[in-house]
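Please read them with the coordinates open.

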Amino acid sequence: MEDKQQYWDAIYRTKQPNEVSWTQEKPATSLDFIHSFHIPRDAAIIDVGGGDSRLVDYLLDEGFQNITVLDISQEALTRAQKRLGDKAGKIKWVVSDVTAFEPDTKYDVWHDRATFHFLTTPEQVHKYIQIADQHVKGYMTIGTFSDCGPDKCSGLPIRKYTEELLQKELVDKFDKIRCVTEDHVTPFNTKQNFLFCSFKKHGVN
């Protein structure tokens, strides 16, 4: 984990939000999926690979009270905490590689727009899904690069997905609800095609 941690810490130390491809002013698609689950304001939500994403800002503004942000980079979380100021104290911040994450709670919503496509081996994917299966009691929403997306992100290899491939990875544990694709326009005006899908844990009505 240390090498990956150092890699991402260096990126967040040296680049501003307008210099990295994933920055969104408003994470509209993520919010749309979270709203579609019709969860109460005290529902447990985790943003996996949340970094300094503004999703947490919008969730706080909407009155959500039980939010966790996980990222491998302490630098990323520190940046988010500084941006939020006093509101940062309302969030649980976790520094961890998601495949080594050991949650102490179960989540109503597991949101991930930044991590899943960096898992390039079957072992990493299996571990991720195993952790999610054990600690998600409600819904998942995953945003990942589509088969029309880039081959790399931040200089690292990634794995691209079709709706069918993503569903196949999760089918033993989660039922697909819906999927959409969208072009994310980066701060430097290039486009990256994303696939977003929502799922519910087996047995959830």
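**Notes on the model**

1. The largest nonpolar core holds 27 residues, and W110, F116, Y128, M140, L166 and L170 touch the most other members. A nonpolar core here is a set of buried Ala, Val, Leu, Ile, Met, Phe, Trp, Tyr and Cys residues joined through side-chain atoms within 4.5 Å. Buried means under 20% relative accessible area, exposed over 50%, and partly exposed in between, with a 1.4 Å probe and protein chains only. At least two residues of this core come from each of β1, β4 (107–112), α5 (122–135), β5 (136–145), α6 (163–170), β8 and β9. Helix α5 gives the most, with five residues. Helices (H or I, at least four residues) and strands (E, at least two) are DSSP runs, numbered from the N terminus.

2. A word on conventions. This is a predicted model, in which local features need pLDDT of at least 70 and side-chain atom pairs count only at pLDDT 80 or more, while totals for chains, interfaces and linings use all residues. Residues are numbered from 1 along each chain as its sequence is written, and side-chain values use heavy atoms, with hydrogens and water left out.

3. What does L170 contact, leaving aside its neighbours within four places in sequence? The partners are I129, M140, I142 and F199; contact means heavy atoms within 4.5 Å. Another core lies apart from the largest one. This other core has 22 residues, among them L60, I91, W93 and V109.

4. Now the parallel strands. Strand β1 (residues 44–48) pairs with β2 (residues 66–71) in the parallel sense over five bridges. Strand β2 also pairs in the parallel sense with β3 (residues 91–95), over five bridges. Two strands pair if DSSP finds at least two bridges between them. L70 in β2 is the bridge partner of V48, and V94 in β3 is the bridge partner of L70. Five of the six residues of β2 are buried.

5. I46 sits in strand β1. Is I46 buried or exposed? I46 counts as buried because its relative accessible area is 0%. Beyond its neighbours within four places in sequence, I46 is in contact with T68, L70, F101, Y107, V109, W110 and H111.

6. The structure holds one disulfide, that is, a pair of cysteine sulfur atoms within 2.5 Å. C179 and C197 form it, with their sulfur atoms 2.0 Å apart. The link is right-handed, with 110 degrees about the S-S bond. It joins distant parts of the chain: C179 in strand β8 (residues 174–185) and C197 in strand β9 (residues 191–201), 18 residues apart. C179 counts as buried, at 19% relative accessibility. C197 counts as buried too, at 0%. C148 is in no disulfide, and the nearest cysteine sulfur, that of C197, is 14 Å away. C148 is exposed because its relative accessible area is 59%.

7. One backbone item to check. H38 has a positive phi of about 55 degrees although it is not a glycine. H38 is found in the loop between α2 (28–36) and β1. H38 counts as exposed because its relative accessibility is 70%.
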